[in-house]
Amino acid sequence: MPPKADINKAGWEQSEFPILCETCLGANPFIRMSKQEYGRSCGTCARPFTVFRWNPGAGSRFKTTVICQTCAKVKNVCQTCLLDLEYGLPTQVRDTALALEAGAPTSDINREYYAQNMESKFEGDKSLLGSSRTTSVGKEMLKQLARTDPYYKRNRPKICSFYAKGECTRGTECPYRHEMPVDNALSNQNIQDRYHGKNDPVANKIMSAHAEAQGLKPPDDETITSLFLSSLSSESTELSVRTTVLRSLPIIDASQLRSIVHVAKSRCAFVNFKDRSIAETAAQAWANGLEIDNERVAVKWGRSKAKPAPPSASATS
């Protein structure tokens with residue numbers, strides 16, 4: 001019985017060639033690639049899909065596709081490394097800069113149903129991200145962070161676990177790297193966080209470094225949870241500032257915003273958040289500024305509140 005004739009396989013994916021970035025494909029134009037229909041389940045929607053496996057080049061490890069093409073088109077990412085195909089960045093960086101909402105569900109019940117519905121909306125190989133509303137500030141940020149050249153070092157073999165234990169006896173014939181593993185935040189990565197753009201350690205490192213380079217290094221005082229917006233338009237109001245702030249941070253709930261203080265005479269505003277982590281997320285998203293009422297607004301961290309002066313000795317006597 002053909003696969004599509006089986007009602008249980010009607011939602012399974014068949015494809016002739018994978019969606020890959022230049023880095024994962026490798027520098028060798030004459031690679032040999034194997035294809036296995038319904039070789040594994042997608043790492044995000046759990047639907048069986050056509051799996052491709054290949055070696056990018058000499059000294060590289062074999063690579064394979066880990067998500068289906070439908071999920072790759074939804075996020076416009078590579079099927080292997082799950083990085084954006086246009087900018088070469090994690091989805092969390094791209095979505096934060098362009099203020100894109102994470103539309104794909106994360107629950108097991110809804111994600112397969114969502115993938116089947118999204119498959120019918122695609123026209124050819126077109127991604128749905130092109131129809132999203134973007135700002136010039138977000139595009140400028142992505143151009144500064146974009147990785148235009150392929151990074152083939154990412155295709156290196158994995159670290160030999162036996163070497164880390166001091167038990168590898170293969171020597172130079174071992175196909176794995178003889179290096180000691182480094183235990184840090186970057187060593188704890190997974191498909192779900194990378195794809196949905198949540199708590200991705202690589203994205204957090206990129207955005208925090210970019211924010212510091214733009215003069216938005218988080219202050220040492222942990223009590224500071226405010227950001228200062230200057231050079232506002234004369235037409236800006238508290239409502240327009242609040243609307244733009246919430247629209248530029250779709251991952252933040254409106255209840256996490258404590259208040260907005262708009263000073264019309266000085267054309268500035270203070271955005272006060274309830275948590276420090278939320279304020280740092282906003283600072284990273286607004287590292288290149290924020291566009292409010294067609295005006296680019298400068299963003300800086302707020303200052304510490306002045307501590308009350310201690311009572312003098314004469315007053316206590």
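Mentor: Let us begin with the hairpin formed by β5 and β6, which has 4 residues between its strands, and in whose turn R267 has a positive phi of about 55 degrees. Please keep in mind throughout that this is a predicted model.

Trainee: What makes β5 and β6 count as paired strands?

Mentor: Pairing requires at least two bridges between the strands, and 6 bridges join β5 (residues 257-263) to β6 (residues 268-273), so these two antiparallel strands are paired. One of the bridges links V263 to its partner C268 in β6.

Trainee: Why is C268 called buried?

Mentor: The label asks for a relative accessible area under 20%, and C268 has 9%, so C268 counts as buried.

Trainee: How do you know that β2 and β3 are paired as well?

Mentor: Strand β2 (residues 48-54) is joined to β3 by 2 bridges, and since the cut-off is at least two, these antiparallel strands therefore qualify. In one of those pairings, W54 has K63 of β3 as its bridge partner. The open sheet that contains them has 3 strands in the order β1-β2-β3, with antiparallel pairing, and its edge strands are β1 (33-41) and β3 (63-64), each of which pairs on one side only.

Trainee: How confident is the predictor, and where is confidence lowest and highest?

Mentor: The protein chain has an average pLDDT of 84, with 82% of the residues scoring at least 70. Confidence is lowest in helix α11 (residues 313-316), where the mean is 54, and highest in β3, at 96.

Trainee: Why is C42 not assigned to a disulfide, given that C45 has the nearest cysteine sulfur?

Mentor: A disulfide is a covalent bond between the sulfur atoms of two cysteines. The assignment needs sulfur atoms within 2.5 Å, whereas the sulfur of C45 is 3.7 Å away from that of C42, so C42 is in no disulfide. The structure as a whole holds 0 disulfides.

Trainee: Is C42 buried or exposed?

Mentor: C42 has a relative accessibility of 4%, which is under 20%, so C42 is buried.

Trainee: What makes N288 a buried residue, and which side chains does N288 meet through polar contacts?

Mentor: N288 is found in the loop between α10 (276-285) and β7 (290-292), and its relative accessible area of 9% is under 20%, so N288 is buried. Leaving aside neighbours within four places in sequence, the residues in contact with N288 include V137, E140, M141 and R296.

Trainee: Why is α10 described as mostly covered?

Mentor: Of its 10 residues, 7 are buried, that is, under 20% relative accessible area, so the description follows from the count. Among these buried residues are R276, I278 and Q284, and what covers them includes α3 (91-98), α5 (136-145) and α8 (201-213).

Trainee: Which residues touch the most other members of the largest nonpolar core?

Mentor: In that core of 27 residues, they are L227, L229, L249, F273 and W286, and the largest share of the core, 5 residues, comes from α10. F273 touches residues that include L227, L249, I278 and W286.

Conventions
Residues numbered from 1 in each chain as written. Predicted model: local features only at pLDDT ≥ 70, side-chain atom pairs only at ≥ 80, totals over all residues. Heavy atoms only, no water. pLDDT = per-residue confidence, 0-100. Buried < 20%, exposed > 50% of the residue type's maximum accessible area, 1.4 Å probe, protein only. Contact = heavy atoms within 4.5 Å. Core = buried A, V, L, I, M, F, W, Y, C linked by side-chain atoms within 4.5 Å.
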